[in-house]
Amino acid sequence: MATVQFEGISLTYPGAPAPAVDDLNLEIADGEFLVLVGPSGCGKSTSLRMLAGLEAVTSGRIHIGGKDVTGLPPRSRDVAMVFQSYALYPNMTVAENMGFALRNAGVSKADTMVRVKEAAAMLELEELLDRKPAKLSGGQRQRVAMGRAIVRRPQVFCMDEPLSNLDAKLRVSTRSQIAALQKRLGTTTVYVTHDQVEAMTMGHRVAVLKDGKLQQVAAPRDLYDDPINTFVAGFIGSPGMNLLTAPVENGSAVLNDLRIPVPRTITDKNVIVGIRPESWEVTTNPSDSLAVEVELLEELGSESFLYSHGITDAWSSRSGRIVARVDRRFQVALGDRLRLTPKPEEVFFFDAKTELRLR
């Protein structure tokens, strides 16, 4: 186990117009489970690969356990990598796949088997040790790949979208297994995913990246309750936050008939109003509410999401729609016209130019 420090890390590929990772400063505590999350191309996998030594750093330093490993090869960093693809040897059994790295490192056959059996017990693979990968399911193959990393007893686990090849139900069960296993082992873990639900349910902290730059790093609840800018606000949460650009008149953001008082510090002509789907309420009050027309209904059993557009357009929505969550007992049909009003204490405001959160 060890701390991990990224100190001003950047990587620019030859011929690229911008860095893939730009001045990343991030400290990961000993035993912490940190998730790097963001859209495709944001630099999360590149950051992980630099930590593992699979990509050369253009500038900056990486420390593991207080030791500068920036120029060291992967085998000298004591880092175990779990990839999106299982990368198992098809001609080897589960036990041979899990113990391969130990045998290459000169560990005795007896000691290797002890470690393999310990890891197999953690991952419920004891009955599969004599099978070959072709006889395993996707979830079992992924557990073998994790077991191969566990037997090495590294200082740091690096996991690059390890659940992407699994079906939805198996992903849910496997991510809980990974989180529980990391808690049991206490090994510092850096986990990459594009799935913000996965990030929020697994990480002690979550680091959000966009275009190679770190936007915010915080505990999952803090990211949700206190986003630093519109990107984080819209990316964290499913569905994402409604971001509505509205004019400011007489101290209020104007969304047609709906007027939302803004903080006194807001003096610009326009402001971005952020309202999460669960922060809308359906109302019958026509004087201080937003008129919308339902164009899509998403039934999820315990709740429903209404996707609608404004009946008039004195304001604009980033997504072109407004999303509202309603109780499953609420009866609504496509084309229905409703009026929505936000819970006042759950409205966010962002600067229309910088897109930073306003207090």
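A residue counts as buried under 20% relative accessible area, as exposed over 50%, and as partly exposed in between. That scale is used throughout this tour of a predicted model.

**Whole chain**

Start with everything shown as a cartoon. The protein has 8 helices and 22 strands. Along the principal axes, its C-alpha atoms fill a box of roughly 80 × 45 × 35 Å. Colour by accessibility next: of the 359 residues, 48% count as buried. If contacts between residues at least 6 apart in sequence are drawn, 67% of them join residues at least 24 apart.

**Stop 1: K132**

Select K132, in the loop between α3 (109–122) and α4. K132 has a relative accessibility of 40% and therefore counts as partly exposed, since that class lies between 20% and 50%. Show its surroundings, leaving out neighbours within four places in sequence: K132 is in contact with P90, N91, M92 and T93. Then draw a distance from the C-alpha atom of K132 to that of T341. The two are 209 residues apart along the chain, and the separation is 58 Å.

**Stop 2: E124**

Stay in the loop between α3 and α4 and select E124. Most residues other than glycine have a negative phi. E124 has a relative accessible area of 58% and so is exposed.

**Stop 3: helices α2 and α4**

Select helix α2 (residues 94–104) together with α4; their axes come within 7 Å and cross at roughly 35°. The crossing is right-handed. To see the contact, show side chains for V94, N97 and M98 on α2, and for V144, G147 and R148 on α4. By class, this contact of α2 with α4 comprises 3 nonpolar, 2 polar and 1 charged residues.

**Stop 4: helices α4 and α5**

On the α4 side the contact is made by G139, R143, M146 and I150, and on the α5 side by L170, Q177, I178, L181 and L185. The residues of this contact divide into 6 nonpolar, 2 polar and 1 charged.

**Stop 5: K44**

Move to K44, in helix α1 (residues 44–52). Is this lysine, K44, buried or exposed? K44 is buried, with a relative accessible area of 5%. The contacts of K44 include L36, V37, G38 and P39. Also in contact with K44 are E161, V192, T193, H194 and L209.

**Stop 6: C42 and C158**

How many disulfides does a search of the whole structure find? The search finds 0. C42 is in no disulfide, and the nearest cysteine sulfur, that of C158, is 16 Å away. Seen from C158, the closest cysteine sulfur is that of C42, and at 16 Å it is too far for a bond, because a disulfide needs the sulfur atoms within 2.5 Å. C42 counts as buried, with 2% relative accessibility. C158 also counts as buried, at 0%.

**Stop 7**

Select D23, in strand β2 (residues 21–28). D23 is not a glycine, yet phi is positive, near 55°. D23 is partly exposed, with a relative accessible area of 46%.

Finish at P239, in the loop between α8 (230–235) and β11 (242–249). Show the backbone from S238 to P239 and check omega. The peptide bond joining S238 and P239 is cis, with omega about -5°. Most peptide bonds are trans.

Technical notes. Residues are numbered from 1 along each chain as its sequence is written. This is a predicted model: local features need pLDDT of at least 70, side-chain atom pairs count only at pLDDT 80 or more; totals for chains, interfaces and linings use all residues. Side-chain values use heavy atoms; hydrogens and water are left out. Buried means under 20% relative accessible area, exposed over 50%, partly exposed in between (1.4 Å probe, protein chains only). Helices (H or I, at least four residues) and strands (E, at least two) are DSSP runs, numbered from the N terminus. Contact means heavy atoms within 4.5 Å. Ala, Val, Leu, Ile, Met, Phe, Trp, Tyr, Cys and Pro count as nonpolar, Asp, Glu, Lys and Arg as charged, and the others, Gly among them, as polar. Axes are lines fitted to C-alpha atoms, for helices over the stretch in contact, and angles run from 0 to 180 degrees between N-to-C directions. A crossing is left-handed if the near helix is turned anticlockwise from the far one by less than a right angle, and right-handed if clockwise.
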